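Reader: Before we discuss the terms used for this fold, please show me the sequence and the structure.

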Amino acid sequence: MAASESLVALLQEQLEPLGRIAFRRMFTGAGVYCDGVIFALILRDALHFKVDDGNRAEYEAEGMEPFSYEAQGRIRQLGAYWRVPERLYDDKDELATWARQAYEVALRSPTARKKLRAKASTGARRSKRRSRFSERTPK
């Protein structure tokens, strides 16, 4: 994983209150997942949270910009992910607040909603199978 081990360790500790945090290698960095939903990226050893119209103003007020990269001689922006202000690394509570907002943005995305619905229906089907099986089991 191109993300530094120290940044991953810091985030693992700082974001623990959100839920089950996982890091998965992605491109030259890592995706940050909470309960299976991606809400952040670590790119170029910097943390970027998922942003939408509901929280973008906070990033703009901090002077932050969306992640950008150069490809084929052009600058491209990944507008859904904005760099997190470095001051947040020193404030666990505020970092958790910003992370929670990013997670909520991720949950509102069509991809996450579809994934969560599929997971819920699979769980419901498994529950039905278990209950049918338990009804047939002799006592």
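Author: Let me begin with pairing: two strands pair if DSSP finds at least two bridges between them, and the strands (E, at least two residues), like the helices (H or I, at least four), are DSSP runs numbered from the N terminus. This is a predicted model, in which local features need pLDDT of at least 70 and side-chain atom pairs count only at pLDDT 80 or more, while totals for chains, interfaces and linings use all residues. Residues are numbered from 1 along each chain as its sequence is written, and side-chain values use heavy atoms, with hydrogens and water left out.

Reader: What makes β4 and β6 a pair?

Author: DSSP must find at least two bridges, and 3 bridges join β4 (residues 46-50) to β6 (residues 74-83), which run antiparallel. Within β6, W82 stands opposite F49.

Reader: Why are β1 and β5 said to stand at the edges?

Author: The open sheet of 6 strands has the order β1-β2-β3-β4-β6-β5, with antiparallel pairing. β1 (21-26) and β5 (66-71) each have a single partner strand, so one side of each is left without a neighbour in the sheet.

Reader: What is buried in α1, and why do these residues line one face of the helix?

Author: Buried means under 20% relative accessible area, exposed over 50% and partly exposed in between (1.4 Å probe, protein chains only); L7, V8, L11 and Q14 of α1 are buried. The arc is that of the directions from the helix axis to the C-beta atoms, and the buried residues fall within 135 degrees of arc seen down the axis of α1, so they line one face. On the other side of α1, E5 and S6 are exposed.
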